[in-house]
Amino acid sequence: MARKAIGIDIGGTGIKGALVDVRKGELLSERVKFATPEGGRPEDIAEVVKKIIATLPGVSRGMAVGICFPAVVQHGRTMSAANVSKEWIGFDADAHFERVLGRSVHVLNDADAAGVAEMRFGAGRRRRGLVMMTTLGTGIGTALFMDGKLVPNAELGHLEIGGVDYETKASFAAKERENLDWDSWSARLQTYYATLERLFSPDLIIVGGGVSKNHQEFLPKLKLAAEIVPAQKRNNAGILGAAWVAADKHYD
Ligand code: BGC
């Protein structure tokens with residue numbers, strides 16, 4: 001396994017990247033961030049990723065790139081598109097980025113990448129049984145791990161509760177949009193996590209996304225049988241996990 005890889009995290013509003021030491025699970029460079037181009041089209045996004053990599057110090061020719069993306073990703077193809085262009089649906093993202101970047105690329109779902117980082121280097125380290133990673137951001141991302149092994153592309157942010165796609169009620173974006181205070185948002189999170197628990201009986205739930213830095217405001221309010229803990233890698237989890245998966249698949 002290579003020791004260094006580039007990690008890129010593509011979101012609806014921003015694209016960030018860094019050089020990663022995949023053995024230690026640490027960033028080796030500053031995190032570079034650009035706005036997601038208007039429309040979120042594949043050509044435009046790939047140009048921004050290229051620009052980010054060109055900016056990173058210490059990048060060498062053979063380094064692989066891990067890219068995480070807010071979509072179902074099967075065998076390098078993006079099969080859905082949340083907050084980005086519909087052109088991504090059914091699109092061979094691995095091949096597209098490899099062509100533009102001239103490097104070995106591995107694309108995966110953003111919550112899966114964040115979960116990989118937490119399982120290797122953060123809140124899920126050495127945890128067995130069923131661990132559920134959740135990210136509370138523009139949407140709700142979820143990742144499932146059984147005895148440390150990823151079951152990819154769980155899309156449980158879209159669980160329908162009371163007839164609505166619950167991501168639209170309980171994501172951090174919903175809190176912001178509706179100006180919910182911590183108590184009202186926590187009540188929605190209680191409904192969401194209690195439903196997850198009823199359906200999956202997880203041993204551990206990890207809560208990530210930028211808002212997890214304020215976990216004291218909402219996690220203590222949740223009443224669940226499962227242990228529920230904040231993520232440790234927070235905003236870097238996607239970059240770290242994507243880089244780790246790319247390095248794991250690439251030998252140079
Ligand atoms: C998407 C997921 C993604 C999550 C977090 C959801 O809307 O369907 O694929 O992981 O947002 O970005």
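**Notes on the ligand site and three residues**

1. The shell around the ligand divides into four nonpolar, three polar and three charged residues. Here Ala, Val, Leu, Ile, Met, Phe, Trp, Tyr, Cys and Pro count as nonpolar, Asp, Glu, Lys and Arg as charged, and the others, Gly among them, as polar. Please keep in mind that this is a predicted model, in which local features need pLDDT of at least 70 and side-chain atom pairs count only at pLDDT 80 or more, while totals for chains, interfaces and linings use all residues. Residues are numbered from 1 along each chain as its sequence is written, and side-chain values use heavy atoms, with hydrogens and water left out.

2. Around the ligand you will find P70, A71, A82, N109, D110, I140, G141, E155, H158 and E167; a residue is included if one of its heavy atoms lies within 4 Å of the ligand.

3. An N or O atom in the D110 side chain is 2.5 Å from a ligand oxygen, E155 places a polar side-chain atom 2.6 Å from an oxygen of the ligand, and for E167 the corresponding distance is 2.8 Å. The protein covers 90% of the 310 Å² of accessible area that the ligand has on its own (Shrake-Rupley method, 1.4 Å probe).

4. The ligand takes up the space of the largest pocket. A pocket here is an open set of points on a 1 Å grid over the protein atoms alone, with protein on both sides within 12 Å along at least five of seven lines; a molecule sits in it if more than half of its atoms lie within 2 Å of its grid points.

5. Is S29 buried or exposed? S29 is buried, because its relative accessible area is 12% and buried means under 20%, exposed over 50%, and partly exposed in between (1.4 Å probe, protein chains only). S29 belongs to the loop between β3 (26-27) and β4 (32-35), and its side chain reaches the backbone nitrogen of L19 at 3.1 Å, a polar contact (a pair of N or O atoms within 3.5 Å, one able to donate a hydrogen and the other to accept it).

6. K51 sits in helix α1 (residues 42-55) and is partly exposed, at 44% relative accessible area. Its C-alpha atom is 23 Å from that of G25, 26 residues apart along the chain.

7. F200 lies in helix α6 (residues 182-200). With a relative accessible area of 29%, F200 is partly exposed.

Methods:
Helix = DSSP H or I, 4+ residues; strand = E, 2+ residues; numbered from the N terminus. 1 Å grid on protein atoms, 1.4 Å probe; cavity = no way out; pocket = protein on both sides within 12 Å on 5 of 7 lines; lining within 4 Å.
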